[in-house]
Amino acid sequence: MKLALVVHRYGTDIAGGSELEAREYAERLAANHDVTVLTSCARDYVTWANVYPAGASSSNGVHVQRFRVARRRRLKRFADLSDEVFAGSAPDSTEEAWFRENGPDVPGLLDHLRTRGSDYDLVLFWAYRYAPSYFGLPLVAERSVLIPTAEEDPAIELSVLREYFRKPAGLLFNTFEEQRLVTVRADAVVGPSAVTGIGIDPAVAPTPRQPLDELGLPADFVLYLGRVDRNKGADALAATFCGHLDQGGIETTLIFAGPATIPLPVHPRIRALGFVPNDVRDALLAHARALIVPSPYESLSIVLLEAWNRGIPALVNGRCAVLRGQVLRANGGLFYRSPLEFSEGLTYLLTHPEEAATLGRQGLAYVDREYRWPVVMERVEQLLRDVATRRARRDG
Amino acid sequence: MPQPPATASIFDRDQPSAVLPADELMVQLQTRVRDRLRAELRRHGASEALDDPAILADVHRILQIAAERATPQALLLPEILGEPSEWRLDTAMRYQSHRGPFSGSLIVGLKRRLLMPVLRWLFEYSRDNFERQARVNQVLFSCVQELAIENAQLRAEMRRLSKSL
């Protein structure tokens, strides 16, 4: 098949869940299909400043077509619009303006879909919240497959999404919770869909502790891995952990590993490492007593799968339905909804090493069963075949 | 409410049973947490009705459901309160001037270019707190709504029972 993949940013140097998923899919789909990635020239998702040159290029065997961003994001205007639309009852035109302001504004990409969209058998769109997906998908709806990467954040409540989620010819979801969320928001049976997620390669074992010793890290620690950001719940985790210790809770060290956008409290039991190279990252994942994921919004936690890939149990934010669902399906850890539950959960994992190890092993078995690349890509290919067959039948 | 379509999903298949099921562990853990919570609440003078673990579990459940349903579009009270501009917290700050077009735009420009960067920390601090307050208001609206629904259902049940006597 001739496939186009539309994503707001693309590149081997770009971090971000949906961008990573798009790249992994593109490189794997390119083995069997004629794949073109349609994307912007932006690298930074805050400003959308043009960085990459416009036009055709190639990345790891994938043909990439980049379009210039017409204007940078106006942060004040976007923040004000967010306040207005998330309060509810904003008119549809204001909600659509929110998608425009969210950007990236790539008129060339939309023109390409308008004029050349029918050249592709299927067009896959990543992340409904970005302008290329929101405004691009309706232009080729009959051949579109949406990977919404929807989370239970305020944006999902926008009323224009009811119609939007009914348009795709097919959908790929990261989790069952996301599938349910989008189906409920569409208030109708949506197109054929599959829950696929992302693949994880088996971990290379054993991983030496040496990089951790060089950093002077203690033997007993729990881990937060990822961007140290408010949106990821990192500040709430630090406060909850300090509260746990202040109340005389069981002692351990909490290590934050990832680039920080917020300051963390200075505490002898908290270590903030900032960005860490791969060898340190691997060693942290291999030797942590548990991974903690405090994020309130997720469509799929990749870091959770990575921890299970190493047989490490998890303690996750139970207010996030996706994290709660992942932990319960995998039987790979515990969840918390309050500081008291956090304290109980952490205490259990640290004082029941055999049970904690069993939870970690169950997590690994779940990853082996559901999240290896051959399994994931077979589900993706099956859905694409299904959508293409239905379209061919409809077109006669 | 439409349900997800029956298409390929990992949930369509039987999952092997776990040696250590997480849901059972969570029930044990949450029971311990509620016991600790009940003792704390009672120690600080909360109603003795909470001595009954079943009552606390029920109250906890109702408030939990309310907190999870607290999206603006799912609430009835805003409809009853009327025009949102008269009661809703406005977290966005707009640059405005009541003066004429020329001096007005000059003042708005000064506010935007000079005053706001200086006061940004104060603006962000206030906005943060306004957003938290707006969130708490929504949760309280939702709790009231949930209790009103429970109350209406109980009244209907009582009417039905009294008729059958």
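1. How many of the five residues of strand β10 (residues 253–257) of chain A are buried? Five of the five are buried, so β10(A) is largely enclosed by the rest of the structure. Buried means under 20% relative accessible area, exposed over 50%, and partly exposed in between (1.4 Å probe, protein chains only). Strands (E, at least two residues) and helices (H or I, at least four) are DSSP runs, numbered from the N terminus.

2. On the basis of the model: it is predicted, local features need pLDDT of at least 70, side-chain atom pairs count only at pLDDT 80 or more, and totals for chains, interfaces and linings use all residues. Residues are numbered from 1 along each chain as its sequence is written, chains are lettered from A and ligands numbered from 1 in the order in which they are written, and side-chain values use heavy atoms, with hydrogens and water left out.

3. Back to β10(A). In a regular strand the side chains alternate between the two faces of the sheet. T253(A), I255(A) and A257(A) point one way from β10(A). L254(A) and F256(A) point the other way. Both sets are buried.

4. Next, the strands that pair with β10(A). Two strands pair if DSSP finds at least two bridges between them. Strand β9 (residues 221–225) of chain A and β10(A) pair in the parallel sense over five bridges. L225(A) stands opposite A257(A) in β10(A). From β9(A) the chain crosses through helix α9 (residues 234–246) of chain A to β10(A), and this β-α-β crossover is right-handed. That is, with the strands pointing away from the viewer, the path from the first strand over the helix to the second runs clockwise. β10(A) also pairs with strand β11 (residues 270–274) of chain A, in the parallel sense over four bridges. Here I270(A) in β11(A) is the bridge partner of L254(A).

5. S40(A) deserves a look. S40(A) lies in strand β2 (residues 34–40) of chain A. S40(A) is buried, with a relative accessible area of 1%. Its side chain reaches the backbone oxygen of H8(A) at 2.6 Å. A polar atom of the S40(A) side chain also lies 3.1 Å from the backbone nitrogen of A42(A). Contact means heavy atoms within 4.5 Å. Leaving out residues up to four places away in sequence, S40(A) touches V7(A), H8(A), R9(A), R66(A), F67(A), V69(A), P104(A) and V106(A).

6. The interface of chain A and chain B. 48 residues of chain A are in contact with 43 residues of chain B. The area buried between the two chains is about 4,000 Å², and carbon and sulfur atoms give 58% of it. In chain A, K76(A), L340(A) and E344(A) lose the most area to chain B, together 15% of what that side buries. Buried area is the accessible area (1.4 Å probe) that two parts lose on being put together, summed over both.

7. Polar links across the interface. Seven residue pairs are in polar contact between chain A and chain B, both residues at pLDDT 80 or more. A polar contact is a pair of N or O atoms within 3.5 Å; within protein, one must be able to donate a hydrogen and the other to accept it, and residues adjacent in sequence count only if both atoms are side-chain atoms. The largest share of the side of chain A that touches chain B, seven residues, comes from α14(A).

8. Salt bridges between the chains. The rule asks for a side-chain nitrogen of Lys or Arg within 4 Å of a carboxyl oxygen of Asp or Glu. It finds four across the interface of chain A and chain B. R230(A) forms one with D128(B), the closest N and O atoms being 2.7 Å apart. R337(A) forms a salt bridge with E68(B), at 2.5 Å between the closest N and O atoms. This pair runs from the loop between β14 and α13 of chain A to helix α2 (residues 53–68) of chain B. R337(A) is buried at 17% relative accessibility, whereas E68(B) is partly exposed at 48%.

9. Salt bridges within chain A. The structure holds 43 salt bridges over all chains. In one of them, R289(A) and D220(A) have their closest N and O atoms 2.5 Å apart. R289(A) lies in the loop between α10 (278–287) and β12 (290–293) and D220(A) in the loop between α8 (210–214) and β9, so the pair ties together parts of chain A that are 69 residues apart in sequence. R289(A) is partly exposed at 27% relative accessibility, and D220(A) is partly exposed at 29%.
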